[in-house]
Every structure is written in structure tokens, then in C-alpha cells.
Amino acid sequence: MLSLLYQEGPSTKGIFRRSGSAKTFKELKEKLDSGTEVDLARESIFVTASLFKDFLRNIPGSILSSQLCDKWVSVLDQGNNEEKIKSIQRLIEHLPRANVVLLRYIFGVLHGIEMRSEENQMNAFNLAVCIAPSLLWPPVPSTPDIESEFIKKISSLVQFLIENCCRIFGDEITSLFGEI
């Protein structure tokens with residue numbers, strides 16, 4: 001999924017914002033969940049993006065770890081950008097290795113999309129609004145007002161992560177998949 005999103009996302013207007021066919025999404029999700037082989041390259045990239053967000057939402061405790069939720073939310077309250085980046089890198093060290101590897105690929109994809117935002121209309125802010133709720137959620141349910149405020153904070157964090165991904169994860173994340 002990530003490879004397809006890396007290849008097609010940068011040239012796809014509204015990637016992660018628009019959703020594909022609900023029927024196709026449901027059918028593909030059932031096939032993937034049952035272990036049936038699926039050729040996603042033959043499907044709409046919007047369905048693939050929806051499937052990927054759904055995959056992220058189903059990671060137990062979230063990819064950024066709900067246990068670290070308060071620390072993630074407070075990162076942007078740190079001093080300058082350098083201090084924020086150092087805090088993020090320290091938090092990443094507390095995540096399981098599989099989460100870190102997946103995050104590197106995710107932000108490699110998001111960076112590639114953001115680099116062509118004039119074409120696809122998905123700058124770091126727009127991408128963050130679409131993907132942030134799938135990356136982190138609080139460990140316990142809350143009121144709609146608190147949840148809305150939380151999503152704004154996490155979206156700002158994800159925007160910062162996208163804009164600074166090379167400094168956070170290393171320059172090589174721009175070439176994890178090769179050339180677009």
C-alpha cells in the first residue's frame with residue numbers, strides 16, 4: 001500500500017482526503033483480512049489510501065502509542081524547533097522497533113506527497129488533518145469537545161513531523177522507495 005501511495009500519491013489531487021468506493025473498500029478489506037491475495041495496483045488509489053488509514057486505526061494503542069499520548073501532545077509546547085525535534089526523537093526511542101520502521105515509511109510517503117503539493121493540493125497541513133487521527137488517539141474516550149481539541153493538537157504535531165521529517169528520521173527517508 002505504501003509503495004503505491006508513494007508512486008501515485010504525489011500526482012493524485014486530494015489523496016487521503018477523498019475516499020474511494022465504500023463497497024470496493026469493504027470488499028478489499030474483507031479479502032485482505034482473510035488473507036486472500038489482492039492486486040491493489042488495479043484498484044483506485046483513493047481506496048488504497050482509505051485501506052491504509054483503516055490499517056493504522058486498527059493498530060492496538062496506535063502507532064505513536066496512546067501510553068505516550070500526553071508527551072506527544074506537549075511536544076509542540078517545547079521551545080524552538082531544535083528542542084521539539086530532540087523531544088520527538090526521544091519519544092520515538094520509546095516506540096517498538098516495528099512502529100518506528102513503519103513511521104519512517106509513512107513519513108517518507110507523506111514527504112513525497114507534500115513536495116508536490118502544488119499539483120496534488122495536499123500540503124503538510126492538509127495531509128496532517130487527514131492522517132493524524134489514524135496515528136494517535138487518547139488511551140481513554142473523552143467528550144467531543146476534548147476530542148476535537150486533541151485532534152487539532154495531534155494534527156499540528158503531524159504537520160510538524162511532515163515538515164521536519166528529514167531532520168527527525170534522517171534524509172534517507174526520501175529514498176526508501178526509490179524514485180517516484
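Because the model is predicted, local features need pLDDT of at least 70 and side-chain atom pairs count only at pLDDT 80 or more, while totals for chains, interfaces and linings use all residues. Residues are numbered from 1 along each chain as its sequence is written, and side-chain values use heavy atoms, with hydrogens and water left out.

The unreviewed UniProt entry lists residues 1-169 as "domain: Rho-GAP"; UniProt positions are given here in the numbering of the model, feature names are shortened, and annotations may be inferred rather than shown by experiment. Helices (H or I, at least four residues) and strands (E, at least two) are DSSP runs, numbered from the N terminus.

Salt bridges come next. Taking a salt bridge as a side-chain nitrogen of Lys or Arg within 4 Å of a carboxyl oxygen of Asp or Glu, the count comes to seven. One of them joins Lys 26 and Glu 30, at 3.7 Å from N to O. Both residues belong to helix α2 (residues 22-34), where they sit four residues apart, about one turn of the helix. Lys 26 is exposed at 52%, whereas Glu 30 is partly exposed at 46%.

Other pairs reach across the sequence. In the salt bridge between Arg 167 and Glu 82, the closest N and O atoms are 1.9 Å apart. Arg 167 is in helix α10 (residues 165-169) and Glu 82 in helix α5 (residues 81-92), so this pair ties together parts 85 residues apart in sequence. Arg 167 is partly exposed, at 43%, and Glu 82 is partly exposed too, at 39%. Glu 172 and Arg 104 also form a salt bridge, at 3.2 Å from N to O. Since Glu 172 lies in the segment after α10 and Arg 104 in helix α6 (residues 97-115), the pair ties together parts 68 residues apart in sequence. Glu 172 is partly exposed, at 42%.

Finally, Ser 155 belongs to helix α9 (residues 144-163) and is buried, with a relative accessible area of 8%. Apart from neighbours within four places in sequence, Ser 155 is in contact with Ala 128, Val 129 and Ala 132, contact meaning heavy atoms within 4.5 Å.

Technical notes:
Buried means under 20% relative accessible area, exposed over 50%, partly exposed in between (1.4 Å probe, protein chains only).
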